[in-house]
Amino acid sequence: MKLRLAAAFAILFALPAWAEPPAVAADILPVHSLVTQVMRGIGAPALIVEPGASPHGYALRPSQARALEQADIVFRVSDGLTPWLSDTLATLSGDARQVELMQAEGTTVLERRSGDSFEPHVHDGEDHGAHDHDPHGWLDPQNAIVWLDAIAAELAALDPENAATYDANAAEGKAALDALTQDITADLAPLRDLRFVVFHDAFQYFENRFGLTAAGAIALSDASDPGPARIAALRDRIAALDVTCIFSEPQLNPALIDTARGTRDMLVALLDPLGASLQPGATLYPQLLRDMATALRSCAP
């Protein structure tokens with residue numbers, strides 16, 4: 001009896017230990033949503049930048065710092081979106097794999113726009129980091145489709161036992177985004193001549209994908225308020241183009257909307273590039289795109 005028991009224990013401890021899924025962190029809600037989709041049924045990523053906060057400048061909470069310390073892999077958009085995060089990762093997550101999604105092969109990269117009016121410019125070179133790119137690449141659903149594959153590949157490299165699940169989840173997410181992109185394209189086709197102004201220049205990727213063009217932005221970045229000269233130039237442009245709609249954002253100063261439009265009667269709607277009011281999870285990203293399309297439709301005269 002004792003020999004049989006000893007043999008059973010020997011077999012038990014000879015078996016490989018059950019592998020834990022990798023500890024994963026993601027910088028902003030839309031990226032967290034994409035990673036959650038890929039990890040569905042296996043694990044869940046930690047979110048670094050809390051809902052409603054600006055990713056351009058952020059002070060970590062203790063729980064977020066712990067998540068970075070424990071992370072095996074961190075998914076982020078780019079240094080251009082979270083410039084503070086590189087040093088933080090070097091300090092807290094030195095051994096973690098860092099994945100900058102704007103560098104993923106196949107990503108559409110647009111250069112930043114400047115001036116009081118702007119037009120989109122596509123940069124299709126290989127060395128994205130050498131250019132002053134617009135970091136809001138998640139607002140192009142085709143980029144999100146590319147990123148789902150990149151996320152699945154990175155997770156499979158760390159956790160090959162679950163590679164098939166990562167691939168299947170990514171494929172499911174890509175199919176849903178393909179269908180959603182077609183729906184939004186049809187919904188927004190009548191709005192190609194819509195004249196609108198955004199709060200800050202975060203929506204170029206969405207415009208570029210769906211054939212829209214903002215007339216201008218109150219601020220080029222959510223990190224700084226516009227000066228009087230920019231506001232004056234924007235007011236002139238609003239009048240010259242007969243702009244009918246202006247968009248606010250949940251985390252920015254709404255008083256600047258009134259300053260920009262002056263006494264002009266304009267429709268005002270909310271356009272949220274981060275999904276601050278949405279429930280975190282796999283459904284957040286597609287809902288974010290739907291809500292943006294709805295906001296644009298509501299702003300049509």
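**Notes on the predicted model**

1. The chain has an accessible surface of about 14100 Å², and carbon and sulfur atoms contribute 53% of it; areas are from the Shrake-Rupley method with a 1.4 Å probe, and for residues only the protein chains shown count as cover. The model is predicted, with local features needing pLDDT of at least 70 and side-chain atom pairs pLDDT 80 or more, while totals for chains, interfaces and linings use all residues. Residues are numbered from 1 along each chain as its sequence is written, and side-chain values use heavy atoms, without hydrogens and water.

2. Of the 301 residues, 49% count as buried (under 20% relative accessible area; exposed is over 50%, partly exposed in between; 1.4 Å probe, protein chains only). Among contacts (heavy atoms within 4.5 Å) with a separation of 6 or more, 65% are between residues 24 or more positions apart.

3. The chain holds 10 helices and 10 strands. These are DSSP runs numbered from the N terminus: helices are H or I with at least four residues, strands E with at least two.

4. An open sheet has four strands in the order E8-E7-E9-E10, with parallel pairing; strands pair if DSSP finds at least two bridges between them. Strand E8 (216–219) and strand E10 (267–270) are the edges and have a single partner strand each, so one side of each lacks a neighbour in the sheet. From one strand to the next the twist averages 25°. E7 (residues 196–200) and E9 (residues 245–248) are joined by two bridges, and Phe196 has Cys245 in E9 as its bridge partner.

5. Helix H8 (residues 228–241) lies across E7 and E8, at about 150° to E8. Helix H10 (residues 284–298) packs on the sheet, where it touches E7, E9 and E10, and its direction is at about 175° to that of E10. Axes are lines fitted to C-alpha atoms, for helices over the stretch in contact, with angles from 0 to 180 degrees between N-to-C directions.

6. There are three aromatic pairs (ring centres of Phe, Tyr and Trp, the last by its six-membered ring, within 6.5 Å; planes under 30 degrees apart are stacked, over 60 edge-to-face, the rest tilted). One of them, Tyr58 with Trp84, is tilted, at 5.8 Å centre to centre and 45° between the planes. Tyr58 is in the loop between strand E2 (46–47) and helix H3 (62–70), and Trp84 in the loop between strand E3 (73–76) and helix H4 (85–92), so the pair ties together parts 26 residues apart in sequence. Tyr58 and Trp84 are both buried.

7. Phe206 and Phe210 also form a tilted pair, with centres 4.7 Å apart and planes at 50°. Both lie in helix H7 (residues 204–210), four residues apart, about one turn of the helix. Phe206 is buried at 2% relative accessibility, and Phe210 is buried at 2%.
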